[in-house]
Amino acid sequence: LDLARSMDSNEALQALDIDSLLDSICTDASDAGHDVSLLDKSKATVMARPQALRRCLNNLVDNAIKYGHTAQIHLMQSEEAKQQWLHICVRDQGTGIPLEQQARVFEPFYRMETSRSRETGGTGLGLTIALNIARQHNGKLSLSNLPEGGLEVRLSLPIKS
């Protein structure tokens, strides 16, 4: 159902203070006993479907915690073709994802961890849902292994002018 919802949302777009949303997500995760930190503030406003974007970011933070034991969120801005972009970078301290599997992890039901145990993984839908939601927001989702170890998942969203 979450996958279906991520493909087509009836939720209306509205101006959203991204710092407030990220503060709330980090507070919820910290209250649940997880090592999560928001290291920057952006003062940026994006046009978003708030519940869908929360679901997307929760999936990214949950993955970082599950596979990398921590989530650090960095915010950056850039300009590309006269459009300002906000980059929400969720970094963990796990083993990363081999380059040859990075495209596959966005496929529905694909899991790098092949056991069927719920303890070691989910359904293989988290990144698929996050990618669908990013695209609904005219955004992008990318992965990169960090030189010092770990993975960075970058959600790039256009900033409202």
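Good morning. The model is predicted, so let's start with confidence. The mean pLDDT of the protein is 89. Of its residues, 88% reach 70 or more. Where is the mean pLDDT lowest among the elements, and where is it highest? Helix H1, residues 2–7, has the lowest, at 55. Strand S7, residues 151–158, has the highest, at 98. Where pLDDT is low, predicted coordinates should not be read in detail. Keep that in mind for helix H1, with its mean of 55.

Next, the helices. Look at H4, residues 126–136. How many of its 11 residues are buried? Nine are, so this helix is mostly covered. The buried set includes Leu127, Ile129, Leu131 and Ile133. After H4 comes Asn138. Its phi is positive, near 55°.

What does H4 pack against? One partner is helix H3, residues 50–68. Two packed helices are described by the angle between their axes and the distance between the axes. Here the axes come within 9 Å. They cross at roughly 145°. The crossing of H3 past H4 is left-handed. Which residues make the contact? From H3, they are Ala52, Leu53, Arg55, Cys56, Asn59, Leu60 and Asn63. From H4, they are Gly126, Leu127, Ile129, Ala130, Ile133 and Gln136. By class, that contact has eight nonpolar, four polar and one charged residues.

Now a strand. Ile88 sits in S5, residues 83–91. Is Ile88 buried or exposed? It is buried, because its relative accessibility is 0%. Leaving out residues up to four places away in sequence, Ile88 touches Ile18, Leu22, Leu57, Ile73, His74, Leu75, Val153, Arg154, Leu155 and Leu157. Take Leu75 from that set. Ile88 and Leu75 are 13 residues apart in sequence. In space, their C-alpha atoms are 4.9 Å apart.

Last topic: charges. Side chains of opposite charge can pair when their charged atoms come close. How many salt bridges does a search of the whole structure find? Six.

Start with Lys41 and Asp23. Their side chains meet in a salt bridge, 2.7 Å from N to O. Lys41 lies in the loop between strands S2 and S3, and Asp23 lies in helix H2, so the pair ties together parts 18 residues apart in sequence. Lys41 is partly exposed, at 48% relative accessible area. Asp23 is partly exposed as well, at 32%.

Then Lys140 and Glu80. Their closest N and O atoms are 3.5 Å apart. Lys140 is in strand S6 and Glu80 in strand S4, so this bridge ties together parts 60 residues apart in sequence. Lys140 is partly exposed, at 38%. Glu80 is partly exposed, at 44%.

Glu107 and Arg104 also form a bridge, 3.4 Å from N to O. Both are partly exposed: Glu107 at 35%, Arg104 at 39%.

Finally, a network. Salt bridges link Arg91, Glu152 and Arg154. Arg154 is also one of the residues that Ile88 touches.

Key: Residues numbered from 1 in each chain as written. Predicted model: local features only at pLDDT ≥ 70, side-chain atom pairs only at ≥ 80, totals over all residues. Heavy atoms only, no water. Salt bridge = Lys/Arg side-chain N within 4 Å of Asp/Glu carboxyl O. Helix = DSSP H or I, 4+ residues; strand = E, 2+ residues; numbered from the N terminus. Buried < 20%, exposed > 50% of the residue type's maximum accessible area, 1.4 Å probe, protein only. Contact = heavy atoms within 4.5 Å. pLDDT = per-residue confidence, 0-100. Axes fitted to C-alpha atoms, helices over the stretch in contact; angles between N-to-C directions. Left-handed = near helix turned anticlockwise from the far one by under 90°. Nonpolar A, V, L, I, M, F, W, Y, C, P; charged D, E, K, R; others polar.
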